[in-house]
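Hi everyone, thanks for making time.

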Amino acid sequence: MAVHEIVSPPTGAEPPRARTRSDAGVLSLDGTWRFAWSPTAHTGKDPSDPGDTWDEIPVPAHWQVCGYGAPAYTNVRYPFPIDPPRVPEANPTGEYRRIVRRPPGWDTGRVLLRFDGVDSWFEVWVNGSPAGRSSGSRLTVEFDVTGLLTGGDDVLAVRVHQWSFASYVEDQDQWWLSGIFRSVALLHRPEHGIHDVRIVADYDHRSGDGLLRVEAKSTRPVTVEVPERDVRGAAGETIHLTSVEPWSAEAPRLYRVLIAGEAETISADIGFRTVSVEDGRLLLNGAPLVFRGVNRHDIDARSGRAVTWETMERDVVLMKRHNVNAVRTSHYPPDPYFLELCDRYGLYVVEECDIETHGFSLVDWRGNPSDDPAWGEVYLDRMRRMVERDKNATSVVMWSLGNEAGWGRNLAANSRWTKERDPSRPIHYEQDTECEEAGVYSRMYPTFDELEAIGRHEEPESADPARDAHRRALPMVMCEYGHAMGNGPGGLADYEAIVDAHPRLAGGFVWEWIDHGLEGAGPDGRRTYLYGGDFGEPVHDGSFVIDGLVFPDRTPSPALAEFAAVIAPVRMRVDGGDLVVENRWSFTTTGDVVFSWSLESDGEAVGSGPLDVPVVGPLSAARFTLPPAVRAAESSAPPGGDLWLTVTATTGSASPGVEAGHVLSRAQQRCRATAPRRASARTPDTASARRFDDSGHPEALGHFPVAHVGLDIWRAPTENDRYAGNGETSSLESRWREAGFDRLVERTTDVKVSGASARRAARYGSAGLDTGFDVDYLWTARGDGFRLEVTIERRGEWRLPLPRLGIVLALRAADPGSAVLEWLGLGPGESYPDSRSANWYGRHRMTVREAQVPYVVPQENGNRSEVSRLSLTVPEGCLRIESLHQFDAAVRPWSTERLERARHLAELDEDGLLWVHLAAGVTGLGSAACGPGVRRRAQYRAGRARLVLDFVSERS
Ligand code: IPT
């Protein structure tokens, strides 16, 4: 057996300890190292060889993104045979070398060599002498190299294997990427320094006092000081501070604590807070703790899991700007700097241990390490390394034992050790379904009904009555929900409403924060985002790794906007002449929120002003009468238009990551519906010769030659369409294809062209089926355009929702993507029946290209709902489309067919046509890729539709 196949915790490693900021010396070893890569574990390299002639590689980095080997993606499946603890002979291995020189003044005390992340197993030498071995890819390890350093140029050698016994417990749903991917440093440990500290800072919400207790590991006395409060004490004492400002994600107040010994001073920024479970509720500082969170991986499109401080900060700021208040560090401890950011910006963290054995589920959990005593020490070591490193992080409110590792004695032992070491934080683990150990009940991807039942404490009984009673009394979190793969998820607002209604429900974490697309050359050679299979992996899980709220370059997807609106801390509703304000913060009043109103008639501002809203306390709601100015503006608004009142709540001052003026939420009320509009009476546009072609459709609409008019019911399947949701037996896509929606053929049944009007009747059906649609198109030339009346009728027996029901026009344009799209309706983002909270009614404008959503895997996107008017402007002129009835619209520079065919973003080419999709309705998105499908109420099921559309052309 090879040494990296021996199930063992690190050898030669220091006991794990807290990450601190200290004045003891630190020498970063990040930078350029020598590197030699080998396809097998036998590299033939000598650890004392400085590798002077070898390649160079940056540290931290993964070798697969530096041109050695290739990334591989699997979700649940192991990419190698399950034969623990053995791994394949084809075991890519990296040899790293660099020269280190012990800094002057470090000759007394000790010198430690620290690695923050090496994937998956490594061995270290100094000048050819062994310093230690370790695994635990996302866990810090330190080796004592005092006796190995000479003070001159010393050769540091690290050998890293891609596969090891440890790979069996690191089967997370992500790219397999190897190497030294987090920082490396030499640390001076002065004699009589402070080797470790544990800082407990509790908050008593009844008295408002803070209790500070520091335990220090030192051979000399250690003092503790909070300078801003002029408080001093000694390590080991409990220091009382009266009226402290507590820490929360809403107000992340930190106090600087100086911990000083004879030879070293540690400075820590600590918040006072207490997590508790009382009466079946999760509480922070005595108030409800509700996670409006995301699952976050360390990932970057160019560098994989090696992420810079700037990237981490970008994530945190983006989260704060989208009302996110919590992060589950799925599925391993993050870079330690990330937690510092969470402390500082205010995010609740469920920190998860680097343990996942999901692939064993595919063999009925046979041989699962989680229950095998031989792995006990390895498990405990992992838990200890996480807890000890991050025990002082204010933001960490819960410890998670890992993800998807089944259940067994080793996990139970990890939980027991943790509770003893740190009783202040509850334990989380979703697969402890009976809550034998867990302090909260956790579920992933529940259906709405299941969540509701749990909210009511009415989940199915477990076998043991005592356990059942215990679990039933615990708060519940959704450690994963709202699978954000591709276009979706739909239904976030429904989840939120259930969480709101039941105090037992402590919210959850959307799966997941970011798409793990890696930048590279796609199958056709163009640069694009790659996913599973793109690196020639024989076994892979495709695009299941592309399921985030932000795209790989961290631009927010529409789902993030939706999530932000759904979880907004302040919610409003205009109810008649009243404004109802709901404050969902647990600790913050609305005192700093600025409210304002505006009135728009057909999207044109006709009045606006500030709103003087009395302060609403945390977790309460109040109703106010809107000021007379609002009603006055309404009655003096010009007649005719659609009149909308919008109330906006913005932040009054800046807070960490969030600028003043940041929109917290909006509420709208339609004060008056549009009066029936007649076709525009503008000068007739002579260029649009009102002629019809043989098929009974106009040859041109204004400046746009018409290339195609037809029935439109299909959509390029979303990734949610491709899967069967919880409790379903087949996907929407497969049912739709079975019904022939993707392959309708047209047969003209009648065409009548008579002067100013043309009627065309057509029947649509699919090979082998007797179901279909009858469509009647009636075009009438009017003034400077046409009116189109379309009637669509389903034929046959239908049990299926339709992707959409409407028509599509293809118009010729020189540069379709640059046409300017303006519409009156919901916007600015895309919307679907179960994902529309982020949008508001108004006039929106952007180019057609900007209206497309760049999903990494191209699919249905860009729908705009409740549209009553839309225009397309090209340099030669403008075409307006108006209707008395609201419709759904999507305008694209490519056909549905192209959208469906492209498998990578770069493969999507414009085709010289403007595809204008106008529908009476569309089906929602759901979350079937992982979770419930589209709820019935978000499915479009009409059997008949009628659209009346005026096409009006204007010259530029
Ligand atoms: C769940 C995993 O915990 C998560 O890591 C991710 O793989 C997600 O699924 C899908 O993207 S587990 C699943 C079997 C419910």
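A quick word on terms: domain bounds here come from an automatic or database domain assignment. By that assignment, the chain is divided into domain 1, residues 568-672, and domain 2, residues 686-955. Please keep in mind that this is a predicted model, where local features need pLDDT of at least 70, side-chain atom pairs count only at pLDDT 80 or more, and totals for chains, interfaces and linings use all residues. Residues are numbered from 1 along each chain as its sequence is written, and side-chain values use heavy atoms, with hydrogens and water left out.

Let's start with the ligand.

Now for some distances to ligand oxygen atoms. A polar side-chain atom of Asp173 lies 2.5 Å from one. For a side-chain N or O atom of Asn403 the distance is 3.0 Å, and for Trp511 it is 3.2 Å. The protein covers 85% of the 390 Å² of accessible area (Shrake-Rupley, 1.4 Å probe) that the ligand has on its own.

On to the interface. The centres of domain 1 and domain 2, taken over C-alpha atoms, are 34 Å apart. Nine residues from domain 1 and seven from domain 2 make the contact (heavy atoms within 4.5 Å).

And what about salt bridges, meaning a side-chain nitrogen of Lys or Arg within 4 Å of a carboxyl oxygen of Asp or Glu? The rule finds two across this interface. Elsewhere in my notes, Asp602 and Arg869 meet in a salt bridge, at 2.9 Å from N to O.

How values were computed: Polar contact = N/O pair within 3.5 Å; in protein donor to acceptor, adjacent residues only side chain to side chain.
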